[in-house]
Every structure is written in structure tokens, then in C-alpha cells.
Amino acid sequence: MPTGPVTRAELDVLRYIHDHAPATVRQVADHFSRTTGHARTTVLTVMERLRRKGYLSRRKVSGVNQYWPKVSKAEMLRRLVGGFVDEMLDGSVSPFVAYLSEADDLSDDEIRELRRLVQQLGRSKKGK
């Protein structure tokens with residue numbers, strides 16, 4: 001099970017690997033070299049840190065290390081949001097909901113999904 005907070009650089013690498021798994025260090029490093037200027041050694045350090053934290057797994061295939069996410073992208077994001085709410089908002093979702101209620105850039109699909117989730121939350125609370 002993944003543990004520990006994730007830095008911005010780690011999150012960027014995780015997102016890339018989720019979208020391109022399995023990924024080699026070369027593939028990830030080439031992408032970040034083009035987009036951010038990060039060196040291969042920096043990317044390798046980030047990937048290994050993520051592996052030690054339990055977010056990535058590594059396996060040698062034909063002599064090359066390939067990396068896979070250990071949890072789904074949705075689960076990873078859920079955990080990160082949960083960590084943010086716990087650490088930054090003292091466990092209260094009210095400031096987060098207030099932010100969403102004022103957000104001008106939510107799509108109609110996102111608003112429908114939020115309504116669905118709130119209804120689902122209401123049903124699960126009634127059932128307990």
C-alpha cells in the first residue's frame with residue numbers, strides 16, 4: 001500500500017507513468033527532458049522514490065527496468081485528495097466544497113458527477 005506524501009514532481013511522474021505504463025526510465029526521462037528540462041538522473045531519483053513509497057513497481061524485461069503503477073489513477077488521486085483534506089484542511093471538506101461551489105471552470109459533466117456523488121453519499125449515510 002502506498003505511503004507518504006507526494007511532491008509535485010512525483011505527481012507529474014506518476015501521472016505520466018499511469019498514462020504510458022509500462023514505462024522505462026528512458027521514456028519518462030525523454031518526456032521530462034523535453035517538457036521541463038529535468039535530467040535523466042533526476043527522473044530516475046523521483047521514480048525510485050515513488051517505488052520505495054509503494055506507488056510504483058519495477059520489473060526487468062529484456063534487460064530494461066519497466067515501471068508500473070501499483071494503484072489505479074483514480075485511487076491515487078483519491079488518496080492525494082484525502083491527504084490534502086486531512087493535512088491542509090484539518091479533515092474538513094467544507095472549504096473544499098465551498099471552493100467547488102465558486103469554481104467557474106467546472107464542466108456540465110463535472111457538475112453532474114458531483115451531484116451523483118453527493119446523492120450516493122446521502123444514500124450510504126442513510127443505510128448506516
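Visitor: Where does Lys 53 sit?
Guide: Lys 53 belongs to helix H3, which covers residues 40-53. Keep in mind that this is a predicted model.

Visitor: Is Lys 53 buried or exposed?
Guide: Buried: its relative accessible area is 19%, and the cut-off for buried is under 20%.

Visitor: What does Lys 53 touch?
Guide: Leaving out residues up to four places away in sequence, Lys 53 touches Met 1, Pro 2, Thr 3, Pro 5, Val 6 and Glu 10.

Visitor: Staying with H3, how do H2 and H3 cross?
Guide: Helix H2 (residues 25-35) and H3 cross at roughly 120 degrees, and their axes come within 9 Å. That angle makes H2 oblique to H3.

Visitor: And which hand does that crossing have?
Guide: The crossing of H2 and H3 is right-handed.

Visitor: Which residues make the contact?
Guide: From H2 there are Val 25, Val 28, Ala 29 and Phe 32, and from H3 there are Arg 40, Val 43, Leu 44 and Met 47. By class, the contact of H2 with H3 has seven nonpolar residues, one charged and no polar.

Visitor: Now H1 and H4. At what angle do they pack?
Guide: About 160 degrees, between helix H1 (residues 8-20) and helix H4 (residues 73-88), with their axes 11 Å apart.

Visitor: Why are they called roughly antiparallel?
Guide: H1 and H4 are roughly antiparallel to each other because angles over 145 degrees count as such. The crossing of H1 and H4 is left-handed.

Visitor: Which residues are in that contact?
Guide: H1 brings in Leu 11, Leu 14, Arg 15, His 18 and Asp 19, while H4 supplies Lys 73, Met 76, Leu 77 and Leu 80. In the contact of H1 with H4, five residues are nonpolar, one is polar and three are charged.

Visitor: Zooming out, how many helices and strands does the protein have?
Guide: Six helices and three strands. From the N terminus on, the elements run α-β-α-α-β-β-α-α-α.

Visitor: Is the protein a compact globule or more spread out?
Guide: More spread out, since its radius of gyration is 18 Å, well over the 14 Å that the globule rule gives for 128 residues. The C-alpha trace spans about 55 × 35 × 30 Å along its principal axes.

Visitor: What share of the residues counts as buried?
Guide: 23% of the 128 residues.

Visitor: And how many of the contacts join residues at least 24 apart?
Guide: 49%, among contacts between residues at least 6 apart in sequence.

Notes: Residues numbered from 1 in each chain as written. Predicted model: local features only at pLDDT ≥ 70, side-chain atom pairs only at ≥ 80, totals over all residues. Heavy atoms only, no water. Helix = DSSP H or I, 4+ residues; strand = E, 2+ residues; numbered from the N terminus. Buried < 20%, exposed > 50% of the residue type's maximum accessible area, 1.4 Å probe, protein only. Contact = heavy atoms within 4.5 Å. Axes fitted to C-alpha atoms, helices over the stretch in contact; angles between N-to-C directions. Parallel < 35°, antiparallel > 145°, perpendicular 65-115°, else oblique. Left-handed = near helix turned anticlockwise from the far one by under 90°. Nonpolar A, V, L, I, M, F, W, Y, C, P; charged D, E, K, R; others polar. Rg over C-alpha atoms; globule rule 2.2 N^0.38 Å.
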